[in-house]
Amino acid sequence: RRMNYLDPLIAFAEANLAGVLGEAERALERFAYAEERAESMKMRPTVWQSRAGAAQVLAGAGRDEEATIKLN
């Protein structure tokens, strides 16, 4: 319970791994979870990194409009 702050960081790492493995949907799910958890803990750098990672996956999947929205 005392290590809850690691939850968004682990999800972020899982998302990056899924992205590298070509599992775009899994990566997007984990980035969204990391963003949500980080936001609730006020971990702003992790929130921004999760959004940027999701935007990168979206752009790689040809979903440019969604990627642009994610970065704004």
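A salt bridge here is a side-chain nitrogen of Lys or Arg within 4 Å of a carboxyl oxygen of Asp or Glu. The structure holds seven of these salt bridges. This is a predicted model, where local features need pLDDT of at least 70, side-chain atom pairs count only at pLDDT 80 or more, and totals for chains, interfaces and linings use all residues. Residues are numbered from 1 along each chain as its sequence is written, and side-chain values use heavy atoms, with hydrogens and water left out.

**Stop one: helix α1.** Select residues 6-20, a helix of 15 residues. Helices are DSSP runs (H or I, at least four residues), numbered from the N terminus. Now show Pro8, Ala11, Phe12, Ala15 and Ala18, the buried residues of α1. Buried means under 20% relative accessible area, exposed over 50%, partly exposed in between (1.4 Å probe, protein chains only). On the other side of α1, pick out Leu17 and Val20, both exposed. Just past the helix, glycine 22 has a positive phi of about 85°.

**Stop two: α1 to α2.** Select arginine 30 and glutamate 14. Their salt bridge has its closest N and O atoms 2.8 Å apart. Arginine 30 sits in α2 and glutamate 14 in α1, so the pair ties together parts 16 residues apart in sequence. Arginine 30 is buried, at 16% relative accessible area.

**Stop three: the network.** Select Glu35, Glu39, Arg51 and Lys70, which salt bridges link in a network. Glutamate 35 is buried, at 10%. From glutamate 35 to arginine 51, the closest N and O atoms are 2.7 Å apart. Lysine 70 also bridges to glutamate 35, at 3.0 Å between the closest N and O atoms.

Definitions and conventions
Helix = DSSP H or I, 4+ residues; strand = E, 2+ residues; numbered from the N terminus. Expected span 1.5 Å × (residues − 1).
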